Amino acid sequence: MTTKPRAQRFFPGAPAPASVRLADVTADNWRDVAALELEPEQRDLVAGNLYSIAESKFDPLARPRAIYAGSELVGFLMYDVGSDDPRRAVIYRFMIDRRFQGFGYGRAALERALDEIRAVPDVATIAICYEPANPAKKLYASVGFVEIGSDEDGEVIAELPVSAA
């Protein structure tokens, strides 16, 4: 399952990547977050947003975040801090809706997430988990994540020291 890399695209009126921000998933936006979609060939690469939102309601450490470009909802990510080590954060869900891929929103959202996590006291390491075939691994490597192994489900684990984030 190979996904062809996309060149950065632009369309008139598209919010700039600099306008990307993270927001809470709330009673007002959870249905829209759940409705975000991946390309068919990407759907096996990350758990669905509805499942993730439900999971976050039973995991007090989960931090679900809606990704906006301007006022447009473009993606979703979720991370936790301290589930396996109080000095470690783990990004374990990250997706950009298929309609908004290739505009630079993924990179901008990842940078915002790293900034947000870096602001959490005492966090020394940020990890990200992903399927080995996930083409986003190039994005993760480009911001400094280094693959360190695999978890019990066969997902790749990559880490980034907070000082490098």
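Tyrosine 68 stands opposite leucine 73 in β3. Strands here are DSSP E runs of at least two residues, helices are H or I runs of at least four, and both are numbered from the N terminus. Two strands count as paired if DSSP finds at least two bridges between them. This is a predicted model, in which local features need pLDDT of at least 70, side-chain atom pairs count only at pLDDT 80 or more, and totals for chains, interfaces and linings use all residues. Residues are numbered from 1 along each chain as its sequence is written, and side-chain values use heavy atoms, with hydrogens and water left out.

## Overall layout

The chain has 4 helices and 7 strands. From the N terminus, the elements run β-α-α-β-β-β-α-β-α-β-β. Buried residues make up 44% of the 165 residues in the chain. Buried means under 20% relative accessible area, exposed means over 50%, and partly exposed lies in between (1.4 Å probe, protein chains only).

The 7 strands form an open sheet with mixed pairing, in the order β1-β2-β3-β4-β5-β7-β6. Its edge strands are β1 and β6 (146-150), each pairing on one side only. The twist averages 30° from one strand to the next. Such angles run from 0 to 180 degrees between N-to-C directions, with axes fitted to C-alpha atoms, for helices over the stretch in contact.

| Strand pair | Bridges and direction |
|---|---|
| β2 and β3 | 8 bridges, antiparallel |
| β3 and β4 | 7 bridges, antiparallel |
| β4 and β5 | 4 bridges, parallel |

Take β2 and β3 to begin with. Arginine 65 stands opposite leucine 77 in β3. The two strands form a hairpin with 2 residues between them. Glycine 70 sits in the turn and has a positive phi of about 65°.

Next come β3 and β4. In β4, methionine 78 has arginine 93 as its bridge partner, and valine 81 has alanine 89. This hairpin has 6 residues between the strands. Here glycine 82 takes a positive phi near 90°.

How enclosed is β3? Of its 10 residues, 9 are buried, so β3 is largely enclosed by the rest of the structure. In β4, 9 of 9 residues are buried.

## The nonpolar cores

A nonpolar core is a set of buried Ala, Val, Leu, Ile, Met, Phe, Trp, Tyr and Cys residues joined through side-chain atoms within 4.5 Å. The largest one has 34 residues. Ile67, Ile91, Phe94, Leu110 and Phe145 touch the most other members. Elements that each supply at least two of its residues include β2 (62-69), β3 (72-81), β4 (88-96) and β5 (125-130). Helix α3 gives the most, with 7 residues. A second, separate core of 19 residues includes Ala66, Leu73, Ala127 and Cys129.

Isoleucine 91 touches residues including Met78, Leu110, Ile126 and Ile128, not counting residues up to four places away in sequence.

## A buried loop residue

Leucine 45 lies in the loop between α1 and α2. Is leucine 45 buried or exposed? Leucine 45 is buried, with a relative accessible area of 12%. Leucine 45 touches Glu131, Ala133, Asn134 and Pro135, not counting residues up to four places away in sequence. Leucine 45 and alanine 133 are 88 residues apart in sequence and 7.8 Å apart in space, C-alpha to C-alpha.

## Confidence

The predictor's confidence in each residue, pLDDT, runs from 0 to 100. The chain's mean is 88, and 90% of its residues reach 70 or more. Among the elements, α4 has the lowest mean pLDDT (93) and helix α1 (residues 30-35) the highest (97). Over residues 1-7 the pLDDT is below 50. Beyond near neighbours in sequence, that stretch has 10 contacts in the model.

Key. Contact = heavy atoms within 4.5 Å.
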